Each structure stands twice: as structure tokens, then as C-alpha cells.
Amino acid sequence: METFFLFCMVLGLLLFGAPISISLGLSSVVYIHFFSDDSLSSMAQKLFEATEHYTLLAIPFFILASSFMATGGVAKRIIRFAIAVVGPFPGGLAMAGVFACMLFAALSGSSPATVVAIGTIVIAGMKDVGYPKEFAAGIIANAGTLGILIPPSIVMVVYAAATDVSVGRMFLAGIIPGLLAGTMLMLGIYIVAKRKNYPRQPWKGVGELASAAGDSAFGLFLIVIILGGIYGGVFTPTEAAAVAAVYAAFIALFVYRDMGPLREVSWRRPSEGFVEAAIRNLYLTVTRFPLALVHEDTQKVMTNSAKTTIMLMFIIANALLFAHVLTTERIPQQITDLMIGAGFNWFTFLLAVNLLLLIGGQFMEPSGLLLIVAPVVFPIAIELGVDPIHLGIIMVVNMEIGMITPPIGLNLFVTSGITGMSLVQVVRAALPWVGILMIFLILVTYIPWISTAIPTALMGPETITR
């Protein structure tokens, strides 16, 4: 009865329009006060522990790195490189949009940031060369979801913090699913483009490919810094996020120079030699460095990142309090006993998890939903023999689909904002491509090695402590 009251109160507050964080925190406080033997002082301790969670420190740094990358001109260079690689195929510009989303996802860890950074440029370009606006919007809305599947991923960090699994394993587990999802979307584009004779981009030769790769190399090198640093043992995922934020800021302000005090300042003047240009740029970097830290562009990026971080961390803190109540009251164990007693096995359990998350994803923000569901289903999964990393990828893919399903699908609102289309138009445009992601979800759910092959090969089998 008490468990029923707890979940009903959370859902009731959400239905009355309360924010996710308030719904989780207030429900936990009321439950502890009236039904639990736990003391109210444990709430303050749990909230304090949430702010000290080492894994969660990666989130603000990844958000900051994503903001600098989205603002600092990295996206347009990645798009140029993607066009050079896949543009000559039928539907090449649309395929390049998906490929660019995959590359930017490996830098940002955020789905909305991927849609904004890539969609703002690609959707307009697709319209100019003859693609229907609805086709372009549907492609980018779906491809943008790869931002939370391809590592590094903020949602994966949240799952790792909620379940105490390895962030490194989660990042490795997302590689094959991310590549598979992107390939399936590009294959779908290829088939549609052949049928409807959509244009392809002209092949500009190896020189353009090399030039585009060189132009985007500084931005793409962030992938090497993050993943290479983590798996090379140079730093932890949290330290990798901090290094990524510093590197992204430096690239945006002093290398690409699409923002900050050196905006539009060329690297080399027509009359300058190489040595003269190098000395001048070194002088500019050193002398303008203090100004870059307080420049209005930098302040805007820092402010927007801080707003996103505060919102997300407040949700996480209250969700961890909710998870604390579940754990102390042994609610997941009670649900586990009921499901096993009802004859659930791993197959039917994963089906139930998918249905729960697909429905919940239509109404809730991904991190909040994951933090509610993960502490409940994780012990059940362990009892039924489901790999915790495999479960994490399943949950992330469900969060992907939730971001493009109404009424709360965040990518739908972002795409509507950058295209000027109504929400209904964006939903219709995105719907055919959601079918591809649903097929992808089935594959990921019932073929575990897609998620577990790389982490098992590189880090050994997962050790599970009951």
C-alpha cells in the first residue's frame, strides 16, 4: 500500500504540472515522514552526497564542451567533411546530415545540441538543393537523437551514477549501437532517395576530402582526447570531461575563431610568411587570452551551460533521493519477487521495460525518467541475468525514441524552432524514420552482444555483485 502511494504521488504531481525534480523530491519527503522508519536527516545527507558524486561531475563539463563546440564553428566544418565523404551518393546531403550528427554526437553528448548545431545548417542546405522541407526536418530530428547514444553521452553518465556501473563500459557499449543506428538511417535515406530521385552532391575529388578533413581535424580530435584518454588510462571519464571543456573552449576561441575577441581575424595575411604569421598568432593568443575569458560570447556560452547544468543537477539530486527511498524500503526487491512469481523471464522482462520506457518517454525528460525507472528495474534485471551494460543501452535507446515522440519529445520542439514548422508538421515528418529506430530497438534488446561485445573484449566480463 505504501509503495502504491509513493508511485501514485509521483505520477499525480507530474499530471498536475509539477516539475520532475519537485515531484520526485516531495514524494520522497512525504513518504519518509509518514511511512518510513528512516529519519528526515537522511534526506539532507542524500542531497549532499548527490552533489559530491564524482561521476556526476562529468555532466557540467560535457555540457560546457558541447556549448563551445555548437557555438564555435565546429559544426559547419564537420558538415563539410560529411558532405565530402557521403555527398556523392543518392540522397547525399541527407546522408551527410546523419553522418555529421554522428560525428557531432561524439563531441557533444547531447541530443538537442546536435539537432541545433547540425540542423540549423543542413536543413537550410537541403531545401536549397531541392529536398522537401519535411523530409529534411524528419531526418535531422531523428539523427539528432544519436547525441545521447554515441559516446560520450550525458544520459549514459546519469545511468552510470544511478546504478553504479562503469561509465567507461557504457561509453564502449554505445559504439556499435551508435554506428548501427546511423547506418540504418542512412540506408533508409538511400532507398528513399533512389525511389524519389533526390539529388546527390557532386564529387569534388580527393583534394576536397583532404581539405575538409584537415579543416575539421581540430574539432574531431576531441574524440581522440575523450575516448583515447579514458581507455588509454590517462584520465577518468570525469577528468576527460574537464579536459574536453578546456580543449573545446581553446579551439572555439583561438583556432576556429568563430567567436570571442579574435573573431574574423585571419590566421595568415596575404603578405605574411609562415614564421611571421606564427609569431603574430602566438602574440594574439597570449595577449587576448584574458579578454577571451570575459568576452560576451564566452559569457553567453558559460551562462547557457550553467542554466542547463543547474536544471539537470537539481533533477538528478531529487531523483537520487527518490532512489534512496526505494533502496531503504526494499521496493525493487518486492517488485522483483512479484515479477518472478508471475513467471517473468529475461525476454518478457525486457519487453515490459521497453513498453514502460516508450510510454514514459512521451511525457518525461530522458534523464528524469531514467533516474526514476533505473533503480526499480536494475535489481530485477540482475536477478533475471540481464547484463547491466546491456540494460543501460536499451534504456538509452528508449530515451532516444522518447525525444522524437509527442507530446514532450524535446527534439521535436527544437526542430520546430529552427525550421519554423508547426509541431504537428514536425511530428508527421519524423514519424516514418521513427520506424527505423523501433526496428533498431528490437535488435539492441534481443541481441545483447551488440552492446556488450566491445566492453567485454577490451575490459573483460562485467562483475556483478548482488
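This is a predicted model: local features need pLDDT of at least 70, side-chain atom pairs count only at pLDDT 80 or more; totals for chains, interfaces and linings use all residues.
Local features were taken at pLDDT of at least 70 and side-chain atom pairs only at pLDDT 80 or more, whereas totals for chains, interfaces and linings use all residues. Residues are numbered from 1 along each chain as its sequence is written, and side-chain values use heavy atoms, with hydrogens and water left out.

Helices are DSSP runs (H or I, at least four residues) numbered from the N terminus. The largest nonpolar core contains 157 residues; such a core is a set of buried Ala, Val, Leu, Ile, Met, Phe, Trp, Tyr and Cys residues joined through side-chain atoms within 4.5 Å. Buried denotes under 20% relative accessible area, exposed over 50%, and partly exposed in between (1.4 Å probe, protein chains only). The residues with the most contacts inside the core are Ile 59, Phe 135, Leu 149, Tyr 159, Phe 349, Leu 391 and Met 395. Helix H6 (residues 92-108) supplies the largest share of this core, 14 residues. Contact is defined as heavy atoms within 4.5 Å. Not counting residues up to four places away in sequence, Phe 349 touches Met 339, Phe 344, Val 377, Ile 380, Ala 381, Leu 384 and Val 386.

In helix H9 (residues 154-163), 10 of the 10 residues are buried, so H9 is largely enclosed by the rest of the structure. Tyr 159 is one of these buried residues. The cover over H9 includes helix H4 (58-71), helix H10 (167-173), helix H15 (296-328), helix H18 (366-383) and helix H19 (388-402). Helix H8 (residues 133-143) is mostly covered, with nine of its 11 residues buried, among them Phe 135, Ile 139 and Asn 142. The buried residues of H8 pack against H6, H7, helix H11 (175-196), helix H20 (410-419) and helix H21 (423-446).

The axes of H8 and helix H7 (residues 111-128) come within 9 Å and cross at roughly 155°. Axes are lines fitted to C-alpha atoms, for helices over the stretch in contact, and angles run from 0 to 180 degrees between N-to-C directions. H7 and H8 are therefore roughly antiparallel to each other (angles over 145 degrees). The crossing of H7 past H8 is right-handed, that is, the near helix is turned clockwise from the far one by less than a right angle. Val 115, Gly 119, Val 122, Ile 123, Met 126 and Lys 127 of H7 meet Lys 133, Phe 135, Ala 136, Ala 137 and Ile 140 of H8. This contact comprises eight nonpolar, one polar and two charged residues, where Ala, Val, Leu, Ile, Met, Phe, Trp, Tyr, Cys and Pro count as nonpolar, Asp, Glu, Lys and Arg as charged, and the others, Gly among them, as polar.

Individual residues in other helices were also considered. Leu 6, in helix H1 (residues 2-15), is buried, with a relative accessible area of 0%. The contacts of Leu 6 include Ser 27, Tyr 31 and Phe 322. Ser 451 lies in helix H22 (residues 449-459) and, at 1% relative accessibility, counts as buried. Among the residues touched by Ser 451 are Ala 173, Pro 177 and His 390. Ile 176, in H11, counts as partly exposed at 25% relative accessibility. The C-alpha atoms of Ile 176 and Thr 452, 276 residues apart along the chain, are separated by 9.2 Å.

Conventions. Helices (H or I, at least four residues) and strands (E, at least two) are DSSP runs, numbered from the N terminus. Angles under 35 degrees count as roughly parallel, over 145 as roughly antiparallel, 65 to 115 as roughly perpendicular and the rest as oblique.
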